Amino acid sequence: MAGPKRYYITTPIYYVNDAPHIGHAYTTLACDVLARFKRLDGYRVKFLTGTDEHGQKVEKSAAAAGMEPQAFTDMVSKNFNDLARVMEFSNDDFIRTTEHRHTVACQEMWRRLKERDQIYLGTYAGWYSVRDEAFYGEDELTKGPDGKRIAPSGAEAEWVEEPSYFFRLSAWQEPLLKMYADNPDCVLPASRMNEVTSFVSGGLQDLSVSRTSFKWGIPVPGDPDHIMYVWLDALTNYITALGFPETEGGGYADFWPADLHMVGKDILRFHAVYWPAFLMAAGLEPPKRVFAHGWWTNEGQKISKSLGNIIDPIELVNSYGLDAVRYFLLREVPFGNDGDLSRRAIVGRLNGDLANDLGNLAQRVLSMVNRNCDAVLPAPGPLSEEDEALLGAAHGLVDALRTAIDVQAFHEALEILWRVVRAANGYVDHQAPWALKKSDPDRMRTVLYVLAETIRHLAVLLQPFMPSSAARMLDQLGLEDGMRAFTNLGPADALVSGTALPKPEGVFPRLSEEGEGA
Ligand code: ME8
């Protein structure tokens, strides 16, 4: 393909039955970091998020709020869009499934499946969970104390009997197994790939893809008594946003297949089984990767509305600052695992990693330059072995980060950066530039230059994670905006001695142990 490398990344589109919480913010944050990383690394990126506005669950929530579904979805969708602005998400598009472009794409998807004989009319008789918007087999359910059937997610399932169109999912078992075998990284982490492979190996049943018992959805072309199953509607958003059904030229030709669908582990099956099957059945390519991340709990407890312990990401940002929250969420837990959000853990990380390690490093180096070098970036003399070692570690960062980021190991990427932060702090202590001021000012200037150059690497690479804080660090190093891409990390673009620097100010304040705002 001509032109720059492309990267297409998507978040799930979130149900508008409720206000956004920390789980939604987490998934989109992970995508935002990947999108920013790839842009800085020279890719043309398309980063998509949005809201899933059809289906029985949303219809019920609107009714409970005494509103028309469209007015209700307009209101809740706006909350997700507002959150994206507060969290500084850099999405290029925000899709709503009630938009006209989406109806067009879904109906075309249906027609293609129908034309290829992948859809037939029958009757559905079985269990359905409105909360999960999912069909379940008898064997997947347990009985609650009152005899009600409970899905593995904990949601209640009800018996449904109605005319329905079915998708021939059963025919896609072998192609799916082949796809997993040929592309071992198409579902990550590896434990999720095992889960998906064993589910598909167990045999697939045809899937009900239309409903007649409610109205809030996209009508089936040629049979408007039926509306499309909300997951077929929702999943298609990923190609709607590329201009599908137009596939020649434009967004689809440039960006499909998606490089990454980021999802939580709760919706893995829809993305790694149903979606590739729908696409292959319609004669379209499946996505390159689905990554299913873990689940956050609040102080050890499942996050749920009924427990009243929903964490509002905006409140968290107001208490700790945006970049601190962004850092914590991606550093605390190996990405893919479950994690617990506790005030103690947040304060510990922010004071330890940000205020003490990185904040101190930048602050003491920049204030020594300010006081001892007339606020001008000093010129280095000949380099010692220790200088070379620290600079070598800084130069090696970008490749090491690419490797970690390409498998969505955010925690690993941050740990790699912090190894250099700690090495740089060790170097400051050992070189003691404050003592060199009198004994050997030339050597002091070399040491401070080596440190400034190390901080430049750290701050450039931190931009995807903590955009504002990294920008402030780079401003304090006097680095122009046009010099902040990963292609500028080489020695040819090293900091220019003699550049006047602004007065340094701390970027990462300490929090009190109680954890309230800085
Ligand atoms: O499933 N921890 O929407 P949804 C981590 N509309 N992530 C969490 C979380 C938690 N406690 N709670 C939610 C839907 N999430 C469908 C998707 S896509 C074509 C349609 C995140 O509003 C996580 O990404 O229920 C999860 O997969 C998603 O929110 C579910 O959002």
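How many nonpolar, polar and charged residues make up the shell around the ligand? Eleven are nonpolar, nine are polar and two are charged. Bear in mind that this is a predicted model. Here's a quick tour, starting with the ligand and then moving on to the strands.

**Around the ligand**

- There are 22 residues around the ligand, and the ones that come nearest are Ile-13, Tyr-15, Thr-27, Asp-52 and Asp-266.
- Ile-13 uses its backbone here: one of its N or O atoms sits 2.8 Å from a ligand nitrogen.
- On its own the ligand would expose 680 Å², and the protein buries 94% of that.

**Who supplies the shell**

- At least two shell residues each come from S1, helix H1 (22-40), helix H7 (230-235) and helix H8 (237-240).

- S1 and S2 run parallel, with eight bridges joining them. If you want a spot to look at in this pairing, find Tyr-8, which stands opposite Lys-46 in S2.
- S2 itself (residues 44-52) is mostly covered, with eight of its nine residues buried.
- S2 also pairs with strand S3 (residues 93-96), again in the parallel sense, over four bridges. Here Gly-50 is the one to find, standing opposite Ile-95 in S3.

**A three-stranded open sheet**

- Further along, three strands line up as S17-S16-S18 in an open sheet with mixed pairing. Strand S17 (301-302) and strand S18 (339-341) are at the edges with a single partner strand each, so one side of each has no neighbour in the sheet.
- Strand S16 (residues 296-298) pairs with S17 in the antiparallel sense, over two bridges.
- In that pairing, Asn-298 stands opposite Gln-301 in S17.

Notes: Residues are numbered from 1 along each chain as its sequence is written. This is a predicted model: local features need pLDDT of at least 70, side-chain atom pairs count only at pLDDT 80 or more; totals for chains, interfaces and linings use all residues. Side-chain values use heavy atoms; hydrogens and water are left out. A residue is near a molecule or strand if one of its heavy atoms lies within 4 Å of it. A polar contact is a pair of N or O atoms within 3.5 Å; within protein, one must be able to donate a hydrogen and the other to accept it, and residues adjacent in sequence count only if both atoms are side-chain atoms. Accessible areas come from the Shrake-Rupley method with a 1.4 Å probe; for residues, only the protein chains shown count as cover. Ala, Val, Leu, Ile, Met, Phe, Trp, Tyr, Cys and Pro count as nonpolar, Asp, Glu, Lys and Arg as charged, and the others, Gly among them, as polar. Buried means under 20% relative accessible area, exposed over 50%, partly exposed in between (1.4 Å probe, protein chains only). Two strands pair if DSSP finds at least two bridges between them.
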